Amino acid sequence: MEDVYDKETTYELRKNIVITILKTLENIKSNWFDVPEGQMYIRSTKRMDLFGKSNNKTLEISNISFYEHARGKGSFRHYLYLFEQESPQFNYNVILVEQIINERLYQFLKRNNYRDIYELTLLKYPEIMQVQMLEVFQNNTPNVYKFI
């Protein structure tokens, strides 16, 4: 199914949705947000020292539930691009995408400068990454982040 809007309308609609989500997160720290393609669960947090700095205001995209007809069409990629563009105006400096079960999405994020938290943790804290910790990280779905 194609977008019912032309590209310019789709861009403006999604940009307005992203700005509304970011404004809402100033008062409510987490919520399911309805978008035309489905829903996204997004949180606003402060991450202490996870990325080597303290007080990183982080936009966490924790769950994406798009309708079948909207999947694989680049919609989430477009939302993510808009979050990257608009989030700094709301003082975010990190975007975290959690629990990625779609391998294609994971590879896209890696190609677009998102880093795997498992890899960061292994590099930063090799002395605490015991075999048990490695198994926990390797058997879970990836979480990736990007400084914006």
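User: Where is the place of Asn91 in this structure?

Analyst: Good place to start! Keep in mind that this is a predicted model. Asn91 belongs to the loop that links helix 2 (75-86) with strand 4 (94-97).

User: What is the phi of Asn91, and is Asn91 buried or exposed?

Analyst: Let's take the backbone angle, then the surface. Asn91 is not a glycine, yet its phi is positive, at about 70 degrees. As for the surface, a residue counts as exposed when its relative accessible area is over 50%. Asn91 has 59%, so it is exposed.

User: Which loop holds Asn113, and what is its phi?

Analyst: Asn113 sits in the loop between helix 3 (103-111) and strand 5 (115-116). Although Asn113 is not a glycine, it has a positive phi of about 70 degrees. Its relative accessible area is 58%, so Asn113 is exposed.

User: Now the strands, please. How do I read the pairing of strand 2 and strand 3?

Analyst: Look for the bridges that DSSP finds; two strands pair if there are at least two between them. Here strand 2 (residues 38-47) and strand 3 run antiparallel, joined by 10 bridges.

User: In which sense do strand 3 and strand 4 pair?

Analyst: Strand 3 and strand 4 are paired in the parallel sense, with four bridges. You can find Ile61 with its bridge partner Val97 in strand 4. Between these strands the chain passes through helix 2, and this β-α-β crossover from strand 3 to strand 4 is right-handed.

User: How many residues of strand 3 are buried?

Analyst: Buried means a relative accessible area under 20%. In strand 3 (residues 56-66), eight of the 11 residues are buried, and the strand is mostly covered.

User: How many aromatic pairs does the structure hold?

Analyst: There are two aromatic pairs. To read one, check the distance between ring centres and the angle between the planes. Trp32 and Tyr41 form a pair with 5.4 Å centre to centre and 55 degrees between the planes, and this pair is tilted. An angle over 60 degrees would count as edge-to-face and one under 30 as stacked, so 55 degrees falls in the tilted group. Trp32 itself is partly exposed, with a relative accessible area of 37%.

User: Which residue lies over the face of Tyr92?

Analyst: That is Lys57, at 4.5 Å from the ring centre of Tyr92.

Key: Residues are numbered from 1 along each chain as its sequence is written. This is a predicted model: local features need pLDDT of at least 70, side-chain atom pairs count only at pLDDT 80 or more; totals for chains, interfaces and linings use all residues. Side-chain values use heavy atoms; hydrogens and water are left out. Rings of Phe, Tyr and Trp (its six-membered ring) pair if their centres lie within 6.5 Å; planes under 30 degrees apart count as stacked, over 60 as edge-to-face and the rest as tilted. Buried means under 20% relative accessible area, exposed over 50%, partly exposed in between (1.4 Å probe, protein chains only). A charge sits over a ring if NZ of Lys or CZ of Arg is within 6 Å of the ring centre and within 35 degrees of the ring normal. Helices (H or I, at least four residues) and strands (E, at least two) are DSSP runs, numbered from the N terminus. A crossover is right-handed if, with the strands pointing away from the viewer, the path from the first strand over the helix to the second runs clockwise.
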